[in-house]
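Please look over the structure below. A short report follows, one topic at a time.

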Amino acid sequence: EASTFFFLCAVRPSHHTPPHSPSTAAMPAFAPFGSKVPFAEPGWYRGVPTPYYEQKHVNFRAKMRAWVEENLCPYVDEWDEAHSCPIEKLRKSAAEAGVLCPWAPVEMGGTPPGEGWDYFMFVIWADELARCGAGGVSVLFFITYMSLPHIIHFGSDYLKETIGRRVARGECGMAITLTEPQGGSDLANIKTTATKTADGKHYIINGVKKFITGGQCVEYFNTLVRTGKAAHGGLSMVIIPANAKGVTVTKLEAAGWWAGNTTLVKFEDVQVPVEMLIGQEGKGFEVMATVMNGERLIGCLGPLRSARMLLEESIKFARERKTFGQRLSDSQVIRHKFAQMARRCEAAQGIVEGIAYSMKCGAGAKEIGGPMALAKVEAGSALEYCAREASQILGGASFLRQGKGQLVERLAREVRVSIVGGGSEEIMLDLAMRMSKV
């Protein structure tokens, strides 16, 4: 009787929210798109009414999905095993298709959709690139966003013309060069120095940067250096040509992102013209911070898409696998695993889309910096959980770099960089509490 009572309470229409009220009637729903596996796609892909997305987003999503499925998905297994991918060719192809820098303005060589760009376009862009299934491939596209906007917003006409537009058109590549061996996320205390020559025409740069993604396949390093006093006030952003005398790039062997060539970059008496400075000297931290939340939005969407792919692979495997006379997917304990994976994906998706809406409405770093940090932790936790459960469901298949478990094996190896890269879980949690002034 009690269960019947609660059921009736749950399904009884509310007198305060009519099922056909104007607010709900106006909310669009679009035809299902993509995978038909439960929860393999975000809610609005599945036809769930959405307050965020419009027809222009549907159009852009189709464009992104088509390019990724044609140019990335069939090859990522091969590229990751080879520890390399033809990113130079792919950048040009993506630029021609309008998916390399759709977030950049036309005058800078960008290709924004005709209907206009917003943060939900950004969500789609990052999510669909991540869906290629190899973080080491997708991150080679993401590093362009992490390094180019500084020039777009603060660079001189010289930098925009000689470097910025070429990067946006896919004619060359640029990597962001922040982290140092001794500091990790402690960017305020970096040691790499840029000292002006006596005539004031050049910087002499010395230092070491570590964990630099794409270091062997770019022509420029957008580098955070110390030009003055200690802490934030003495930092500047300087563009350093990868082929400059005194630059040494060494590949680091990593657990994951094999195609992304994680590198160590050394600068030994590297001389660059002062015209390579982005913005004002001593304002590097502010310049760098302009794209930090966008970078962390990528840091949410990449793990979130990986978590969904792990859930999708698990369900597909369990539907085919028969054990003890029944399909694995018919086992209640396995179905509960699916449910726990799905709820984490759905929760993270809701948080991320809520933040994207705040950004679309004009929220700045002060308003969404803390929530964004928490969102990154939420998405990373979802990935970490889904990687373990997918490995449990696939069993031995998830241990092999071939066959049905190949994608699960690779995504499981990429968990750590997703959790630590762009700010570790501990750093993010502390940042959120400091910004909220707990």
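## A buried serine

Ser398 counts as buried because its relative accessibility is 11%, and the cut-off for buried is under 20%. This is a predicted model. Ser398 sits in the loop between α13 (365-394) and α14 (406-413).

What is Ser398 in contact with, leaving aside its neighbours within four places in sequence? The residues are Ser391, Gly405, Val408 and Glu409. Arg410 is 12 residues from Ser398 in sequence. In space, the two are 8.8 Å apart, C-alpha to C-alpha.

## Two helices side by side

Helix α11 covers residues 292-320, and helix α12 covers residues 332-360. They pack at an angle of about 155°. Angles over 145 degrees count as roughly antiparallel, so α11 and α12 are roughly antiparallel to each other. Their axes are 10 Å apart. Their crossing is left-handed.

Which residues make the contact? On α11 they include Leu297, Leu304, Arg308 and Leu311. On α12 they include Ile334, Phe338, Cys345 and Glu346. The contact residues divide into 17 nonpolar, three polar and two charged.

## The nonpolar cores

The largest nonpolar core has 98 residues. Leu72, Trp125, Phe141 and Ile205 have the most contacts inside it. Take Trp125. Leaving aside neighbours within four places in sequence, Trp125 is in contact with Phe60, Trp103, Phe141, Tyr145 and Ile298, among others.

A second, separate core has 28 residues. Among them are Val37, Leu311, Ile334 and Cys345. Leu311 of α11 also takes part in the helix contact, as do Ile334 and Cys345 of α12.

Technical notes
Residues are numbered from 1 along each chain as its sequence is written. This is a predicted model: local features need pLDDT of at least 70, side-chain atom pairs count only at pLDDT 80 or more; totals for chains, interfaces and linings use all residues. Side-chain values use heavy atoms; hydrogens and water are left out. Axes are lines fitted to C-alpha atoms, for helices over the stretch in contact, and angles run from 0 to 180 degrees between N-to-C directions. Helices (H or I, at least four residues) and strands (E, at least two) are DSSP runs, numbered from the N terminus. Angles under 35 degrees count as roughly parallel, over 145 as roughly antiparallel, 65 to 115 as roughly perpendicular and the rest as oblique. A crossing is left-handed if the near helix is turned anticlockwise from the far one by less than a right angle, and right-handed if clockwise. Contact means heavy atoms within 4.5 Å. Ala, Val, Leu, Ile, Met, Phe, Trp, Tyr, Cys and Pro count as nonpolar, Asp, Glu, Lys and Arg as charged, and the others, Gly among them, as polar. A nonpolar core is a set of buried Ala, Val, Leu, Ile, Met, Phe, Trp, Tyr and Cys residues joined through side-chain atoms within 4.5 Å. Buried means under 20% relative accessible area, exposed over 50%, partly exposed in between (1.4 Å probe, protein chains only).
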